[in-house]
Amino acid sequence: MEVAAFYGFSLLAIIAALFILFSKNLIYGAFALFLAFLGVAALYVLAGADFLGVTQIMIYVGGILVLLIFGIMLTQKKKNDDPQHHNRVEILLSRGIWGSLLGAGFFVLLIKIVATANFKMTGDTISSKSTIKTIGVELMTSHLLPFEIAAILLLVALVGAAYLAMNRNPAP
Amino acid sequence: MTLIPLQHYLIVAAALFCIGLAIAITKRHFIGILLGIELMLNAVNINLVAFSRYDPERLSGQLFALFVIVVAAAEVTIALAIILRVYGYYQTVDPDEVDELKK
């Protein structure tokens, strides 16, 4: 059962990612990214990270994806009013060849590394209990400084994004 | 409880990472490139979570993945604000056409 779920969600994520790669319409790509994020969240849960799975769904699907779709819609091309060509992304042939070559080559390299690496895992594997308590305790004790830095980073990103996106007069 | 071997997680993450890399290279659209980068960050997080399975007391991998998610959220907001400014200035979203600092 667990094995079937693992391979099913892995296939879902990979097929969704391949759909983004081959689709010409960017909105379809964004919705396929939604499926890929859901598959990755399921993989987190299957690896015993329940809190991270929920966080993935809330932040990526609820926040980042909505922002990306807003971005796609706000940057429509005004030149062609042909509805068939909205959100069209033309791909140069040379770019496509280079991209697939680099991606496939890097994939072969990574597979070779994973196949030859000999991981010796000590310690016991994760049990089925919830990870929320451990994450909370670790965040408030040994990872307190990164936690605070993340808070500052989010504040700075918020202020910076609001400042950049403000409707200023383009001609100074 | 059957445990799925670690290598399978790593292979899935490698596939997602390479597809994300190919997307970021081939798409001629700023937001298409962002989609590829998000996919790559997710693939890295799968690796961290998979290794974190063997560290149930401290969960360092899961904490690191959490910080990666935070940085990804900050990155996307800033990138979208910059893309909107560039689009307002050049009226294009093709990275090849934006080749001057000042028009």
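## Helices of chains A and B

With 5% relative accessibility, A:S10 counts as buried, where buried stands for a relative accessible area under 20%, exposed for over 50% and partly exposed for values in between, computed with a 1.4 Å probe on protein chains only. The model is predicted, so that local features are given only at pLDDT of at least 70 and side-chain atom pairs only at pLDDT 80 or more, while totals for chains, interfaces and linings use all residues. Residues are numbered from 1 along each chain as its sequence is written, chains are lettered from A and ligands numbered from 1 in the order in which they are written, and side-chain values use heavy atoms, with hydrogens and water left out.

**Chain A as a whole**

- Read from the N terminus on, the order of elements in chain A is α-α-α-α-α-α.
- Chain A has 172 residues, of which 32% count as buried.
- Among the contacts in chain A with a separation of 6 or more, 58% come from residues 24 or more positions apart, a contact being heavy atoms within 4.5 Å.

**Helix α1 of chain A**

- Helix α1(A) has 21 residues and reaches 30 Å from its first C-alpha to its last, close to the 30 Å expected at 1.5 Å a residue; the expected span is 1.5 Å times one less than the number of residues.
- The buried residues in α1(A) are A:F6, A:S10, A:A13, A:I14, A:A16, A:A17, A:I20 and A:L21.
- These residues cover an arc of only 155° around the axis, which puts them on the same side of α1(A), the arc being that of the directions from the helix axis to the C-beta atoms.
- On the face of α1(A) turned away from its buried side are the exposed residues A:A4, A:L11, A:I15 and A:F22.
- The cover over the buried residues of α1(A) includes α2 of chain A, together with α1 (6-26) and α2 of chain B.
- A:S10, which is found in helix α1 of chain A, is in contact with A:L43 and B:V12 once its neighbours within four places in sequence are left aside.
- A:G8 also has its place in helix α1 of chain A, and at 37% relative accessibility it counts as partly exposed.

**How α1 and α2 of chain A pack**

- Two packed helices are described by the angle between their axes and the distance between the axes.
- The axes of α1 (residues 2-22) and α2 (residues 26-46) of chain A come within 8 Å and cross at roughly 155°, the axes being lines fitted to C-alpha atoms over the stretch in contact for helices, with angles running from 0 to 180 degrees between N-to-C directions.
- That angle makes α1(A) roughly antiparallel to α2(A), since angles over 145 degrees count as roughly antiparallel, under 35 as roughly parallel, 65 to 115 as roughly perpendicular and the rest as oblique.
- The contact involves residues of α1(A) including A:F6, A:F9, A:S10 and A:A13, and residues of α2(A) including A:Y28, A:A32, A:L43 and A:L46.
- Although A:G8 and A:A42 are 34 residues apart along the chain, their C-alpha atoms are separated by 9.9 Å.

**Helix α6 of chain A**

- At 1.5 Å a residue, the 22 residues of α6 (residues 144-165) of chain A should span 32 Å, and the end C-alpha atoms are 32 Å apart, which agrees.
- In α6(A), the residues A:A150, A:A157 and A:A161 are buried.
- Seen down the axis of α6(A), the buried residues fall within an arc of 25°, so they line one face of the helix.
- The face of α6(A) turned away from its buried side carries the exposed residues A:L145, A:I152, A:L155, A:V156 and A:V159.
- Among what covers the buried residues of α6(A) is α3 (60-90) of chain B.

**Residues of chain B around helix α3**

- B:L59 lies in the loop between α2 (30-52) and α3 of chain B, where at 1% relative accessibility it counts as buried.
- The phi of B:L59 is near 55°, a positive value in a residue other than glycine.
- B:F64, found in helix α3 of chain B, is exposed, with a relative accessible area of 52%.
- The C-alpha atoms of B:F64 and B:N45 are separated by 8.3 Å, the two residues being 19 residues apart along the chain.
- B:Q91 is found in the segment after α3 of chain B and, at 40% relative accessibility, counts as partly exposed.
- The phi of B:Q91 is near 60°, a positive value in a residue other than glycine.

Key: Helices (H or I, at least four residues) and strands (E, at least two) are DSSP runs, numbered from the N terminus.
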